[in-house]
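Subject: Structure for your files

Hello,

Here is the structure I said I would send. My notes on it follow below.

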Amino acid sequence: MVNLKNDTFLRALLRQPTDYTPVWMMRQAGRYLPEYNETRKRAGSFLSLCKSPDYATEVTLQPLARFPLDAAILFSDILTIPDAMGLGLYFAEGEGPKFERPLRDEWEIRDLTVPDPMNHLRYVIDAVSQIRHALDGSVPLIGFSGSPWTLATYMVEGQGGTDFLIIKKMAYERPDLLHHILDVTTQAVIAYLNAQIEAGAQAVMIFDSWGGALSHAAYREFSLAYMERIVAGLTKQREGRRVPSVVFTKGGGLWLEAQADIGADALGLDWTIDIGAARKRVGDKVALQGNLDPAILLSTPQAIEREVANILASHGKGSGHVFNLGHGITQFTPPENAGVMIEAVHNLSRQYHV
C-alpha cells in the first residue's frame, strides 16, 4: 500500500472514522487565485494550460501551497473527451467552450468512436502521473470526467449555457441517436477514468453538471443509467487501496435515493438541499460531499464560519462527510475567504468525530 501523509479524504469517502471532516473545493485551481492567472497568461490560453502537463501540474499544486486542503484535483476540463472525438473544441473570449462540429447529422453520430486515452488524451494521463509524483504522498489526487449526458449536451448543442432544446428534441424524437452518443461516450469515460487511475488518481469524480435539466423519467434513462455503467466499469483497487468514486448531479436533489443505488461510494450535493435531510434519505449507503453555496465566500469571515458550522451540524456526528462547495468556486472570491472556510471546517468539525 502506498503511504499517504494525509488520507482523511479517502477514508471519509469510504465512511471510515476520521479525526475531522476533510475539505477540498470544486475548481480550487482557478481564476480567484492571482498565481493561477499568472500561469494562464504564460500558457497563452486556457486550452494551452490544459494540454501542457507541466502547466497542469503547476496550477493543480497552487491551491495546496496556499491552503491546507485535504485533496488535490487534476487540473483539466470536462470537455477533453469530445475534443478527442474530433468535434473541435475552442473557447470564445467571454463565452465559454464551443464546438466547431456539433453532432447534428445521423451519419456523424453513427461515426462517433471511442478515443484511446493513451493516445488522444495522453496529455491528461501524463499530467496525472506528473501531479501524483509532485504531490509526493502529501494528499490524494482526484481524477474526473464529465458524465455522458453532460458531455452529450455540449456535443449536440455545440456550446454550454443553452436551454437544451436541440438535445431534448433528439431525446424525444430520436432516442436511438441520443442513446448511441451516450453509449459511445460511456465507453470513452470508463477508459479515460481507468487510465487516470492507472496513472495515479486515487479517487475519481463524475460531474453531471446538466443532469438537473432533465425530467424525472429522462434523468434515469439518459443520465443515471449511464453513470451506473461507468461506476460498474471502474477499476476499484489500485496500489493496495480502494479507489472511491463520487457522482455529482447539479440540481439532482430529487433523485438522491436512486443515485445512492448505482454503486458509487459518495454523492456530491449542491447547495439547494439540506445535508442532514440528504443523509437521512440515503442512510449508510454512501458518503456525502458538499455543500456550501459558493456565493457565501464573497461575504464576511463571520458569515462563512456560521454557514460552515450550520452544514457540519446538519450532517451531525460520524464519518462519511467530505466538505465542499455546492458547485465551483467563483472567480470573484477573495482567496483569504476560501482560507477562512477551510480553517473553519478543520476546527469546527472535530467535535463531530469523537
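**Aromatic cluster and sheet**

Phe91 counts as partly exposed, because its relative accessibility is 30% (buried means under 20% relative accessible area, exposed over 50%, partly exposed in between, with a 1.4 Å probe and protein chains only). Phe46 is buried, at a relative accessible area of 14%.

The model is predicted: local features need pLDDT of at least 70, side-chain atom pairs count only at pLDDT 80 or more, and totals for chains, interfaces and linings use all residues. Residues are numbered from 1 along each chain as its sequence is written, and side-chain values use heavy atoms, with hydrogens and water left out.

There are seven aromatic pairs in the structure (rings of Phe, Tyr and Trp, the last by its six-membered ring, with centres within 6.5 Å; planes under 30 degrees apart are stacked, over 60 edge-to-face, the rest tilted). One of them joins Phe46 and Phe75 edge-to-face, at 5.9 Å centre to centre and 75° between the planes. Phe46 sits in helix H3 (residues 46-51) and Phe75 in the loop between S1 and helix H5 (80-84), 29 residues apart (helices, H or I of at least four residues, and strands, E of at least two, are DSSP runs numbered from the N terminus). Phe46 and Phe91 are also edge-to-face, because their centres are 4.9 Å apart and their planes at 65°. Ring pairs link Tyr36, Phe46, Phe75 and Phe91 into a cluster.

The chain also has an open sheet of seven strands with parallel pairing, in the order S1-S4-S5-S8-S9-S10-S11 (two strands pair if DSSP finds at least two bridges between them). Its edge strands are S1 (72-73) and S11 (321-322).

Regards
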